[in-house]
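Subject: Structure handover

Hello,

Please find the structure below. My notes on it follow.

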Amino acid sequence: MTSNQQRVVVIGGGLAGLRVAARLTADAGAGARTGGADVTVLGEEPHVPYNRVLLAEVLAGRYAPEVTALPDAGPALRRGVRAVRIDRADRTVHCDDGSTERYDTLVLATGSNAVLPPLRGLFAPDGRDLPDGVHAFRTMDDCLALSAAVGVRSGVPAVVIGGGLLGVSAARALAERGARVVLAQQGERLMERQLDADASALLHDHLSGLGVEIHTRCRVRGLTTAPSAGACGGRRVGGVEFADGYRLDADVVVLACGVRPRTGLALAAGLRVGTGILVDDRLRTSDPHIHAVGDCAEHDGRVYGLAGPALEQADALAAQLTGAHGTAGAAAPGYTGTRALTRLTLTPAGGAAPGGAGPFDLAAFGETTPLPGDDVVRLADATRRTYRKVVVRGDRLVGGVLLGELSSVGALARSWEEAETLTDLFHLLTDDGGS
């Protein structure tokens, strides 16, 4: 390390953390005005870093795990090392293997954890281990364990608890693996945060065509378990109990009840925390030497929990730290937020599903729920199973939903920032990419 290099420690070896490291080392090679950085990334998971967005494709059997690998971080990455304490006074990170890492700048990219709902029977009175057959769906280990649980048998009874983006993805993947899937959603409809009633109904019909049995307004009360085979003294799930008393047999239960930012390290270090770790437009926490990006960060009252904003925050932070994007001695522009995009592809392997369901894409972007005074334009085609909705505020396109058997959903969603005015609205609504 040269005398003018900054020591940067990144806690978190996921998409956001590795993006920060890659940008800093690239800017160092390009001669950024700070002289570059000596970067160390602490990655808790032992696996090669992977793109979490693709886990459902791995579970479905469409991708091998190695396809999800992120670009090689090289010697900057320490895999299988967990940060356990931050000493702000000494600017040191203490790790679970007894090692320490000193920093000039610390970046928290700790991500989020799966929410485990308060279900009866989920945990034994004297333990915190999930019963055999019960899985969260957040990490590669979760994905591999689910794949092993479903195996190659057809018709394994599986219950997915939660009908948001994660639950829908898991249900689709398990159905493709041949499981007999029931999806239980406590809310009124699937993906209710992103979709209105009409769009959700179309998604409901498509999943049903894949063989998924869906129950909305359905609250799960608890799990039934029995002792596992063998002498380990564990438990195995046998079924799911609903609030109305109905019991459903299940060999596999997936907990897809949302995620929660990982803020424990920040809280213990005395940083300001809301839902996530609070950051300003320079992505600084309440300690100017510590920044946060990705799922753990809360900017301007919002935690995104999506890959796109995480990457934009990582790029913005790297620009702040290196000055690579500033003009002649000026600071790089701050982070002002991301126009979030949620994508979901429900295209079965081979292009066709049981019951004849074909390719199905979904994109929800920007503000999909209109405010008073907003205009809403909808275009639905029941024959072609397509649905488009956009929200217009004044003369600006602020958000919308595209879903159905559309060949152009991806292209339209990626280019929606270019369709900001009413002039472009007609093309967004009517372009079907020739499908």
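Strand β10 (residues 157–161) is largely enclosed by the rest of the structure, because 5 of its 5 residues are buried. Buried here means under 20% relative accessible area, with exposed over 50% and partly exposed in between (1.4 Å probe, protein chains only). Helices (H or I, at least four residues) and strands (E, at least two) are DSSP runs, numbered from the N terminus.

This is a predicted model, in which local features need pLDDT of at least 70 and side-chain atom pairs count only at pLDDT 80 or more, while totals for chains, interfaces and linings use all residues. Residues are numbered from 1 along each chain as its sequence is written, and side-chain values use heavy atoms, without hydrogens and water.

In a regular strand the side chains alternate between the two faces of the sheet. Both faces of β10 are covered: Pro 157, Val 159 and Ile 161 are buried on one side, Ala 158 and Val 160 on the other.

β10 pairs in the parallel sense with strand β11 (residues 180–184) over 5 bridges; two strands pair if DSSP finds at least two bridges between them. β10 also runs parallel to strand β16 (residues 252–255), to which 4 bridges join it. Ala 158 stands opposite Val 181 in β11 and opposite Val 252 in β16.

Helix α4 (residues 165–176) forms a right-handed β-α-β unit with β10 and β11. Right-handed means that, with the strands pointing away from the viewer, the path from the first strand over the helix to the second runs clockwise. Of the 12 residues of α4, 9 are buried, among them Val 168, Arg 172 and Leu 174. The end C-alpha atoms of α4 are 17 Å apart, which agrees with the 16 Å that its 12 residues should span at 1.5 Å a residue (the expected span is 1.5 Å times one less than the number of residues). Just after α4, Gly 178 has a positive phi of about 95°.

Elsewhere, there is an open sheet of 3 strands, in the order β4-β5-β6 with antiparallel pairing. Its edge strands, β4 (83–87) and β6 (100–102), each pair on one side only. β4 is joined to β5 (residues 92–95) by 4 bridges, and Arg 85 stands opposite His 94 in β5.

Regards
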